[in-house]
Amino acid sequence: MKVAFASDHAGYELKQYLIGIMKERGYEVEDFGTHSTDSCDYPDFAHPAAKAVESGECDFGIAMCGSGNGIQMTLNKHQGIRAALCWLPELASLARQHNNANILVLPARFISRDEAVKILDAYLAAEFEGGRHQRRIDKIPAL
């Protein structure tokens with residue numbers, strides 16, 4: 001499994017931490033940046049990560065910025081992306097089960113490393129339930 005990672009400067013340290021965890025767990029990682037804590041613009045990293053998930057180059061993604069809102073909004077501009085902002089494990093599990101979220105978004109300035117790992121674990125453990133949820137997902141793309 002190959003995972004796309006993206007963050008801005010506010011999410012850089014958490015991104016690096018989670019990349020290490022995912023590599024330890026045997027995941028292949030594609031880091032779309034940023035590569036430092038220098039101030040930067042999240043769309044510069046969100047768009048390439050979204051394209052990699054949309055194209056199938058990466059199986060799913062993990063992204064973060066300070067609040068998670070900006071990077072989530074950018075990711076969700078892509079028709080094939082369902083990025084879910086999650087600050088609790090239960091939200092991450094439901095995002096996968098009901099929305100088939102293909103990018104997990106974390107609010108880096110509002111959660112600890114331990115909380116981030118719990119959220120990530122819930123996301124990874126959950127499976128899409130399909131059924132009525134698929135019908136709803138089919139209605140998401142703009143006409």
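**Note on a predicted model: pocket, cysteines and sheet**

1. Asn-76, His-78, Gln-79, Ile-81, Arg-82, Asn-99, Ile-140 and Pro-141 form the lining of the largest pocket. The pocket holds about 150 Å³ of space. By class, its lining comprises 3 nonpolar, 4 polar and 1 charged residues.

2. The next point concerns the cysteines. A disulfide is a covalent bond that links the sulfur atoms of two cysteines. The count of disulfides in this model is 0. For Cys-40, the closest cysteine sulfur belongs to Cys-65 and lies 10.0 Å away, which is too far for a bond because a disulfide requires the two sulfur atoms to be within 2.5 Å. Cys-58 likewise takes part in no disulfide, the nearest cysteine sulfur being that of Cys-86, at 19 Å.

3. Cys-40 is buried, its relative accessible area being 18%. Cys-58 is also buried, with a value of 2%.

4. The model contains an open sheet of 5 strands, paired in parallel and ordered S2-S1-S3-S5-S4. Strands S2 (28–31) and S4 (83–85) stand at the edges; each has a single partner strand, so one side of each has no neighbour in the sheet. From one strand to the next, the twist averages 20 degrees.

5. Ala-83 has Ile-103 of S5 as its bridge partner.

How values were computed
Residues are numbered from 1 along each chain as its sequence is written. This is a predicted model: local features need pLDDT of at least 70, side-chain atom pairs count only at pLDDT 80 or more; totals for chains, interfaces and linings use all residues. Side-chain values use heavy atoms; hydrogens and water are left out. On a 1 Å grid over the protein atoms alone, a cavity is a set of points where a 1.4 Å probe fits but cannot get out, and a pocket is an open set with protein on both sides within 12 Å along at least five of seven lines; lining residues have an atom within 4 Å of a point. Grid points are joined across faces, edges and corners, and a volume is the space filled by probe spheres set on the points. Ala, Val, Leu, Ile, Met, Phe, Trp, Tyr, Cys and Pro count as nonpolar, Asp, Glu, Lys and Arg as charged, and the others, Gly among them, as polar. Buried means under 20% relative accessible area, exposed over 50%, partly exposed in between (1.4 Å probe, protein chains only). Two strands pair if DSSP finds at least two bridges between them. Helices (H or I, at least four residues) and strands (E, at least two) are DSSP runs, numbered from the N terminus. Axes are lines fitted to C-alpha atoms, for helices over the stretch in contact, and angles run from 0 to 180 degrees between N-to-C directions.
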